[in-house]
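Trainee: Could we go through this one together? I'd like to know what backs up each label.

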Amino acid sequence: MIDLRAPWNIGPVEVPTRLVLAPMAGVSVQAFRRQGRRYGAGLVCSEMVSCAGIEHRNEKTLGYLRVAADEHPLAIQLFGSDPRPMADAARMVEAVGADIVDVNFGCPVKKVTRTGAGAHLLEDIEQACRIIEAVAGSVTVPVTVKLRRGVRNGSRAALELGPRLVEAGAASLTLHPRSAEQMYTGTADHELTAELVSLVDVPVVASGDVTSRVRAQAVLGTTGAEAVMVGRGAQGNPWALREIVDGDAQEPAREEVAAELVLFVREAVRELGERRATGFLKKFYGWYLGQGRFPKPFKQELLQLDSTEEVERRLLAAAPGARDILERLEAEIPSGEEMTLELPVSIYGGG
Ligand SMILES: Cc1cc2nc3c(=O)[nH]c(=O)nc-3n(C[C@H](O)[C@H](O)[C@H](O)COP(=O)(O)O)c2cc1C
């Protein structure tokens, strides 16, 4: 059995547990990252941020990324197709206090790959290496890369590209062993992750279909990866992180679920503003309240409401004990200075 509480390193950055919270566009806002840290993620990652914002400010955006003191260690993920703007963006990322600059070579969304970014770079080895060289040469923090296996089904491009990226300066690689073409269908083929581990001398993080401690142990044990990354399994379910890291499989009480959701709502509103948060939050209601935690009609009711204040009121009425938990949670969150990264959070996410 692997101790998921054993620290490991990405360059000089110590990561306190073997669980990394996945970057997810439209999901990995600050509230999600801070919550992930509280429940056992050793490293959290922002959703992808576009370096195109440096040159032209017309990128469609969900807003700007905010960094708080209790997120560290934090990786901020960049995507783009050219070395120069990526290096400039990396300097900005370092300046707002990111501990790691992560580069996205996995996003399968056409709007991104069409620009020569994301998964496109899996098959443009020379350009991919130029980007990593430029980024690694422009910052002092470690630079990491997140990959898919390749563009087409069955591709093994990541195995050719991975070692080259390490030569170019990557301090760690995360592999989501699905092809871009696959999007999220089928299963993650972690045999490929094991092959990548055997080819590089930097830590590899295994991403894909890890939703439980049993699965995490199996993936770590069979691949030799240093850590697992958890994405969809943590949506509306920070308790899954606790189960994976500590083996604590207790289902959360209804009050606990309501308290975490209200806190999440408040934090999202603070971060995104009421108007954007209202739409952004809708998917989270289903994620939190599903799994038999609340009756279905209650979730439907919340979706109809048009203010987050009203959502909060209904949640606290449905689980009155949540108030005390919420108070305790809010007291624990440090309210310190925040830094804002002046680069657009892209709405075209994926990886
Ligand atoms: C909604 C969503 C958005 C995502 N956005 C990103 C992203 O911005 N950058 C990235 O590298 N991967 C992104 N991914 C991929 C995840 O980080 C992860 O590799 C993938 O979901 C597989 O892990 P899972 O099975 O634990 O979800 C996204 C995945 C989802 C579901």
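Trainee: What makes domain 1 and domain 2, and which residues are in each?

Mentor: The bounds come from an automatic or database domain assignment: domain 1 is 8–249 + 337–346 and domain 2 is 254–320. Their C-alpha centres lie 28 Å apart. Mind that this is a predicted model, where local features need pLDDT of at least 70, side-chain atom pairs count only at pLDDT 80 or more, and totals for chains, interfaces and linings use all residues. Residues are numbered from 1 along each chain as its sequence is written.

Trainee: How many residues of domain 1 are in contact with domain 2?

Mentor: Eleven, and they are in contact with ten residues of domain 2; contact means C-beta atoms, placed from the backbone, within 7 Å.

Trainee: Why is strand β7 called largely enclosed?

Mentor: A residue is buried if 20 or more other C-beta atoms (placed from the backbone) lie within 10 Å of its own, exposed if 12 or fewer, and partly exposed in between. Six of the six residues of β7 (residues 100–105) are buried, so the strand is largely enclosed by the rest of the structure. I100, D102 and N104 cover one side, and V101, V103 and F105 the other.

Trainee: What makes β6 and β7 a pair?

Mentor: Pairing takes at least two DSSP bridges between two strands. Strand β6 (residues 74–79) has four with β7, in the parallel sense, so the pair passes that cut-off. Q77 stands opposite D102. On the β8 side (residues 143–150), five bridges join the parallel strands, with V143 as the partner of V101.

Notes: Helices (H or I, at least four residues) and strands (E, at least two) are DSSP runs, numbered from the N terminus. Two residues are in contact if their C-beta atoms, placed from the backbone, lie within 7 Å.
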